[in-house]
Amino acid sequence: MRVLVVDDDGITGEMLENSLGRFGYEVTVAADGKEAFDLIRSGLYRLVVCDWEMPEMSGLELCRQVRQRRWSGYIYVIILTGHGGVGNVVCGLDAGADDYLTKPFQPDELGRRLRVGERVLSLEARDLTIFALAKLAESRDIETGVHLERMREYCRILAEEISKCEEYQDVVDGQYVELIYLTSPLHDIGKVGIPDRVLLKPGRLTREEFEIMKQHTVIGGNTLNAAAMAHPEAEYLLMARDIALTHHERFDGKGYPRGLSGEEIPLCGRIVALADVYDALTSKRIYKPEYSHEIAKAIIMDAEGTQFDPAIVSAFLNRELDFLAVRRQFQMRLAAVG
Amino acid sequence: MADPVDMQELVARCMGNVEFAERVLAKFRARLDEDLLELEKAVRAEDAPGIARVAHRIKGAAANVAAHGLRERAAGIEERAAAQALADVTRLIDELRNERLRLRDTSSLVASLVSASSSPPTAG
């Protein structure tokens, strides 16, 4: 991986190049913030080790300028400076640095700090990859638009609300909320395995075709399960698998593919089930018009305890204004795009 | 009196490459001579921000090459210049020059390090 070292002291630059090169990094040295900024604009550098005091543009000014712009990916910046003390550290982090080290640098420590930076960058790459994968699967469907974007917002709202319930306090925390936001767009990923004649059929599906369509839950679940087994440390894959497999289960056991009921259905599946249906109801589809929030709410309330978990319906009712706000926000965004 | 450069620390920072450490030291000496001239010029002009800037640069480079005596004196000059208290700075610059003289020949330090690393371990 490339690292951009920014230091006006050529000797320090050379020593950093030597150390980081031994750790396997491809190092480029810039002599000041301005030169570094131009190099960062090339898009080649996402890890930066930067001095504070430099001519032309200081390290802090570089941090500020980097944070003010939108980049294709996050830029991770470590300040490496002779300015010690808590006040200076706070100042550096306030300017937008991710980490702060004082000179003289210790190669082992700096190497490990850069690994932390790599981990942060890989998380961003993971999130983007997951969403891109979900969008790719969705692109085969007739109903595209911003369904996934809206749905993950609804899921986040429901999970946040559920976290307040005493019953779920130990299960649903901030990490859970972020995971469901991350993985819920994968709920229909199994549709990539459904033949076009079924997936894209404009009219009503026959019984046999519907049986084929139902298989998208199993295809998605099995695919994500294989990935989860290969990477057991990746917790998000387990949640993604559960969501793909169970988001069409019903609370009364009449759903598919396995007819699970009540709490046999993982919580994430129960949350996504409601979010998915709410978005389908309030969106225009080939076979139905766009229903108002009030109609959708009435349908959901009517299905409380049968299709939906009463606890999730209750969370929906507590946060319906937030659902409306999300819907409006995306309507405005679509109107602005034209 | 402590060695002007902690060679073990410097070589460790150079990932065990003694030749590279020697090259770095040679460059540091040359750069320090330029910085000392610039520092004295700034003192003559009573340019406190300029003194602080050069002293800070010397401090950072000295820290990286493990020249601790130099680093401490440069840090003292930087602090005084930042506080606009220049009365004591000339004395510290003299001390800095003395430290520089001690850096004239570090080949004995390098040689001792090389022989220490290549000699067989002692019994017991």
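Modeller: Gladly! Helices (H or I, at least four residues) and strands (E, at least two) are DSSP runs, numbered from the N terminus. This is a predicted model, where local features need pLDDT of at least 70 and side-chain atom pairs count only at pLDDT 80 or more, while totals for chains, interfaces and linings use all residues. Residues are numbered from 1 along each chain as written, chains are lettered from A and ligands numbered from 1 in written order, and side-chain values use heavy atoms, leaving out hydrogens and water.

Biologist: Which helix gives the most to the lining of the largest cavity?

Modeller: Helix α11 (residues 267–281) of chain A does, with three residues. The whole lining includes A:Thr246, A:Phe251, A:Gly269 and A:Asp309.

Biologist: What makes a space a cavity?

Modeller: On a 1 Å grid over the protein atoms alone, a cavity is a set of points where a 1.4 Å probe fits but cannot get out, and lining residues have an atom within 4 Å of a point.

Biologist: Why is B:His68 called partly exposed?

Modeller: Buried means under 20% relative accessible area, exposed over 50%, and partly exposed in between (1.4 Å probe, protein chains only). B:His68 has 28%, so it is partly exposed. B:His68 is placed in helix α4 (residues 68–82) of chain B. Leaving aside residues up to four places away in sequence, B:His68 touches B:Pro4, B:Asp6 and B:Glu9, where contact means heavy atoms within 4.5 Å.

Biologist: What makes strand β4 (residues 76–81) of chain A mostly covered?

Modeller: Six of its six residues are buried. A:Tyr76, A:Ile78 and A:Leu80 lie on one side, with A:Val77, A:Ile79 and A:Thr81 on the other.

Biologist: How do you know which strands pair with β4(A)?

Modeller: Two strands pair if DSSP finds at least two bridges between them. Strand β3 (residues 47–50) of chain A has four bridges to β4(A), running parallel, so these two pair. A:Cys50 stands opposite A:Ile79. Strand β5 (residues 99–102) of chain A also pairs with β4(A) in the parallel sense, over four bridges, and there A:Leu101 is the bridge partner of A:Leu80.

Notes. On a 1 Å grid over the protein atoms alone, a cavity is a set of points where a 1.4 Å probe fits but cannot get out, and a pocket is an open set with protein on both sides within 12 Å along at least five of seven lines; lining residues have an atom within 4 Å of a point.
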